Amino acid sequence: MVKRSLLVVALMVCLPATLFAQYDYVRISNPFLHKIPIAVPLFKPISGTEPEAMAAQSGADLLAATLEFTRYFNLINRAAFLERPDRTGVTLADIHCKNWRDIGAEFLITGGVTVAGGMVEMELRLFDVFKERMVLGKKYKGKSEDQRKMIHRFCVEVMEQLTGTPGIFESKIAFVSTGDGSKEIYACEFDGYNPQRITRNNSINLSPAWSSDGQWLAYTSYRKGGPDLYITNLTENRGTVFSKEGINISPSWVPGQFMLAATLSFEGDQEIYLLTGSGTVVRRLTRSWGIDVSPTFSPDGKRMAFVSGRAGSPQIFVMDMGSGRTQRLTFEGGYNTNPSWNPVNETIVYCAMTGGVFNIHVIDVKTGASVALTADQGDNESPSWSPDGSLIAFSSTREAGVPRIYVMTAAGTDPRRLLILPGEQTGPKWSPAVAAGR
Amino acid sequence: MEKKRLFVMFVMLFAICGLVFTVSCAKQSVKSEAAELETESSMAADEASQMTAEELAEAEAIAAEKAAAREAFVNENIHFDFDKSTLTPAAREILRAKAMWLRDNADTAVVIEGHCDERGTTEYNLALGDRRAKAAKDFLVDMGISASRLSTISYGEERPLDPASNETAWAKNRRAQFVLR
C-alpha cells in the first residue's frame with residue numbers, strides 16, 4: 001500500500017551531529033532490566049498555525065507511543081517537565097540539559113513541525129542530556145498522511161543509535177480473524193495499527209508465513225475444498241498453489257532464500273518437505289512414522305526445529321539440515337508444539353500444555369533449560385518472535401475466553417493486547433524487519 | 001365336443017392363473033383380471049392379490065431398511081482418544097458395519113473426514129485429522145473395499161460438531177465422519 005513516491009523524503013540534512021562510537025546503553029541479552037528513561041515533549045509548531053499545532057501533537061504522541069511499545073524505554077510523564085521546548089526552542093542551544101537530568105531523563109527528543117500545502121516537514125533531534133550533546137538530527141518532508149511513516153523512520157534511527165538494531169517499526173504482524181464469518185488472513189502494522197484483510201475466499205485460511213524479504217506470504221487455504229498451500233507475492237498479487245493429495249500445511253521460509261519447508265502427506269505419512277518458492281518439491285526432510293509438523297529455522301538456516309510425534313507425544317526436535325541428524329529438545333511435559341526460533345539467538349519459544357492449559361515457554365537450544373513465560377491467564381498459543389528477537393506476539397484467551405493477539409517481552413513481562421477486531425484473532429506471525437503491504 | 005370344451009376351459013384356467021402370477025405388484029390389474037373371471041378362477045384370484053400385498057409390504061420394509069442403513073452409514077461417526085489416531089474396538093465395530101454397507105452398495109464412493117477437538121495447535125491438529133481419516137480408510141481397505149472408492153480429507157479442529165469447551169463436546173469432535181461423494 002506504500003508507493004515509493006509517497007514515502008518519506010529524508011533530507012539527510014544531518015544537522016551538526018557529532019556522531020561518535022556506538023552507545024552501549026542496551027544489551028539485547030537483558031534489555032528489560034533497565035529501561036532507558038527518555039523524554040518526548042510536544043513538538044514545536046514553527047509558524048504556529050492550527051494544522052501545525054495538530055501535527056505537532058500527533059507527531060510527539062506517536063513517537064512517544066512507538067518508543068514505549070518497544071518496552072526498552074520509560075517515557076517520562078510530560079507533567080513532570082521543567083521546560084517546554086515547544087515554546088522555548090528545539091535545538092541544543094535552546095535546551096537546558098540539567099532540567100532534563102533533574103527529572104530523571106537520560107535522553108530527550110525534540111521536534112519542530114512545519115505544515116504547508118498538504119506537506120509536513122519535521123526536524124527531529126535526539127539529545128544525550130548527560131553528555132549534553134545531540135546524538136541524532138534528521139529532517140523529514142512528505143505528505144501529511146505519511147507522518148506515521150516518518151516517525152517510524154526516525155524511530156529506526158533512534159534504535160540503531162541506542163541498540164545497534166533497526167527495531168521493528170517497519171514490520172507487520174499477520175494473523176487469522178473470523179470477524180467476516182470465516183477464517184481469513186489479515187496483516188497489521190507492528191503496533192496493531194491499520195489491519196488489512198489479505199484473503200477473501202470465504203473458506204478456511206490458516207498459518208500465514210512471511211518470506212525473509214517480507215514480500216511473500218505462504219498460507220494454507222481450503223479455497224478449493226481441501227488444505228492447499230498458497231504462496232503469494234503481496235505487492236504483485238501473483239503466486240503458486242501447491243495442491244497435492246492430503247494435507248499441505250504449516251509453511252515456514254528458509255532465512256535468506258526463496259525456499260520453504262512445509263508438511264505434506266501425499267506419500268501417506270505426515271512429513272516435512274523442502275520446497276522452492278515456486279512450489280516444486282526439492283527433497284523430503286523427515287523420515288519417521290508419525291506426525292512431523294511446524295518447522296522453524298535457526299537464523300542461519302542451518303538447523304530446523306519442528307514438532308514430531310515419533311516419541312509418542314508431540315515434542316520439539318532439532319534437525320541439522322546438512323547431516324540430517326535429529327535430536328530431541330523438549331523433555332518436560334507431554335505436549336509441546338508451535339516452536340518459533342528467535343531470529344537473533346539460540347532460544348526457541350513454544351507452546352506447552354500442562355494440566356489441560358496452554359502456556360508459552362522459552363527454551364535455550366544449547367542447554368535445554370526452559371522457562372514458562374505465561375501462567376494462569378487462559379490459554380496462550382502460537383508464539384511468534386519480533387524480527388529483533390525482543391518481543392513475542394501470541395494469542396491468548398485471557399480476556400473473557402475470546403482469543404486475541406497480545407505482545408509481551410522476551411522475558412514474559414508487560415503483555416499488552418495488540419488490537420481487537422470482530423470475531424476471534426489467532427495464529428499471529430511477525431514479519432521480518434521490513435514487510436510488504438497491500 | 002364336450003372334451004374339447006373341457007380342455008379349452010382347463011387351458012384358460014391355467015393361462016389365467018399363469019397371467020395372474022406373472023403380473024407384478026400392480027394390485028389394480030390383478031383386481032381387474034380377477035373381476036373378469038368366473039367363479040372357478042375367483043379363488044385363485046384372491047390368492048394372487050393376497051400375495052402381492054405381502055410382496056408390497058416386504059418391498060417397503062426392504063426400502064426402509066436400506067434407507068436406515070444408508071443413514072447409519074452417513075450419520076454414525078467413529079471416535080478417537082485425545083491425541084490418538086488408533087482405532088478403538090468400538091470404532092472397528094462401526095467400521096465393519098460400514099464395510100458391509102459399502103459391499104452392498106458397490107456403486108458408491110465416500111469421503112472420510114478426520115477431525116480433532118479444539119485443544120492443541122492448529123497445525124498439529126490438521127496432521128492428526130489426516131491420520132484419523134487415513135486410519136479409517138486403511139481399515140476399510142483391509143476389509144476388501146477398493147481404495148479408489150475412499151478419499152480422505154482433514155479438517156483438524158476447524159469444523160467441530162459441538163462448539164462447547166468441555167469433555168463431552170471434545171469427545172464428540174474427535175471423530176472420523178463419512179460423506180457420500
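A residue counts as buried if 20 or more other C-beta atoms, placed from the backbone, lie within 10 Å of its own, as exposed if 12 or fewer do, and as partly exposed in between. The model is predicted, so that local features need pLDDT of at least 70 and side-chain atom pairs count only at pLDDT 80 or more, while totals for chains, interfaces and linings use all residues. Residues are numbered from 1 along each chain as its sequence is written, and chains are lettered from A and ligands numbered from 1 in the order in which they are written.

**Exercise 1.** Determine what share of chain A is buried and how its radius of gyration compares with the globule rule.

*Solution.* Buried residues account for 50% of the 438 residues in chain A. Chain A holds four helices and 31 strands, which are DSSP runs (H or I, at least four residues; E, at least two) numbered from the N terminus. The radius of gyration, taken over C-alpha atoms, is 23 Å for chain A, close to the 22 Å from the globule rule (2.2 Å times the number of residues to the power 0.38), so chain A is as compact as a globular protein of that length.

**Exercise 2.** Describe the side of chain A that touches chain B.

*Solution.* With contact meaning C-beta atoms, placed from the backbone, within 7 Å, 24 residues of chain A are in contact with 14 residues of chain B. Strands S11 (205–210), S15 (248–253), S19 (292–297) and S23 (336–341) of chain A each give two or more residues to this side.

**Exercise 3.** State how many residues of H5(B) are buried.

*Solution.* H5(B) is mostly covered, with 17 of its 21 residues buried.

Technical notes
Two residues are in contact if their C-beta atoms, placed from the backbone, lie within 7 Å.
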